[in-house]
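Me: I would like to go through this model with you, one topic at a time. Could you keep the answers plain?

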Amino acid sequence: QISIKALYHGNVSSKDAQDAKDMILSIAKHLKGMPLKKHPKQLVSVTPFGKENRLCFPTVDPKDPNTAVEIYFQCGNDNMTDRVVVDVLMQIMDEPLYDELRTKDQFGYSVACASRWSFGVIGMSFRVTTTCKSAAEVCHRIDSFLLSFRDEIIKMSREEFMEHIIGLAKSKLEKCDSLEDE
């Protein structure tokens, strides 16, 4: 069984949207819809505090020099206060992480950190894609960045902290420029 959800957006009229709906339904008329409450649930496991879980997947092509690492920290159940704290931390860390690992250390061609909300669980994600370092080297470098950056946050002036708050607020107030952002 399948269920169809559609979002038709852009510069369209109500008639265009209705025509698109009719076209989809005519193609799928032989299918029986599935109620939303019967959709499979996607579960997120909350890991025990202090316990490390690693998932490693070998590459399909052993000759491929690319290595991708994501370190993900769960921060607890979704709530507005923790969301803001995690967003601020990621706002503060994003540029220094990129500057140190990508620019100075040349650890990879893609270096980033971001907040993540997965089915009611708040988290922080640190990602590096590289052709010149092993996964172990990347993990060690991210860990050392986090340890050293802790001191930077403690030493941060109130003015610098407020600049990050203002920067985050401005980015949150920007109009979404894609469906994905929305």
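Me: Is Asp19 buried, exposed or partly exposed?
Reply: Asp19 counts as partly exposed because its relative accessibility is 37%. Buried means under 20% relative accessible area and exposed over 50%, with partly exposed in between (1.4 Å probe, protein chains only). The model is predicted, so local features need pLDDT of at least 70 and side-chain atom pairs count only at pLDDT 80 or more, while totals for chains, interfaces and linings use all residues. Residues are numbered from 1 along each chain as its sequence is written, and side-chain values use heavy atoms, with hydrogens and water left out.

Me: Which residue meets Asp19 in a salt bridge?
Reply: The partner is Lys15, at 2.9 Å from N to O. A salt bridge is a side-chain nitrogen of Lys or Arg within 4 Å of a carboxyl oxygen of Asp or Glu. Side chains of opposite charge can pair when their charged atoms come close.

Me: Where do Lys15 and Asp19 lie?
Reply: Both are in helix α1 (residues 14-27), four residues apart, which is about one turn of the helix. Helices (H or I, at least four residues) and strands (E, at least two) are DSSP runs, numbered from the N terminus. Lys15 counts as exposed, because its relative accessibility is 57%.

Me: How many salt bridges are there by this rule?
Reply: The count is seven. One of them joins Lys172 to Asp87, with the closest N and O atoms 2.8 Å apart. That pair links distant parts of the chain, since Lys172 is in helix α4 and Asp87 is in helix α2 (residues 80-104), 85 residues apart.

Me: And the accessibility of Lys172 and Asp87: buried or exposed?
Reply: Lys172 is exposed, because its relative accessible area is 52%. Asp87 counts as buried, because its relative accessibility is 11%.

Me: What does Asp99 pair with?
Reply: Asp99 meets Lys104 in a salt bridge of 3.2 Å, N to O. As for accessibility, Asp99 is partly exposed because its relative accessible area is 23%, and Lys104 is exposed because its value is 59%.

Me: Turning to the surface, which residues form the patch of negative charge?
Reply: Asp151, Glu152, Glu159, Glu160 and Glu163 gather there. The elements giving two or more residues to this patch are α3 (135-155) and α4 (158-173). The largest share, three residues, comes from α4. Patches are made of residues with over 30% relative accessible area and no salt bridge; like charges are joined within 9 Å, and nonpolar side chains (Val, Leu, Ile, Met, Phe, Trp, Tyr) within 5 Å. Lys and Arg count as positive and Asp and Glu as negative, with His and the chain ends not counted. The place of a charge is taken as NZ of Lys, CZ of Arg, CG of Asp or CD of Glu.

Me: Why does Glu160 count as partly exposed?
Reply: Glu160 counts as partly exposed because its relative accessibility is 37%. Glu160 lies in helix α4.

Me: Which residues make up the nonpolar patch on the surface?
Reply: Ile4, Met23, Ile24 and Ile27 form it, with about 380 Å² of accessible area together. Accessible areas come from the Shrake-Rupley method with a 1.4 Å probe, and for residues only the protein chains shown count as cover. Ile4 lies in the segment before α1 and counts as partly exposed because its relative accessibility is 45%.

Me: One on the backbone: what is phi of Gln106?
Reply: Phi of Gln106 is near 50°, a positive value in a residue other than glycine. Most residues other than glycine have a negative phi. Gln106 is found in the loop between α2 and β2 and is exposed, because its relative accessible area is 55%.
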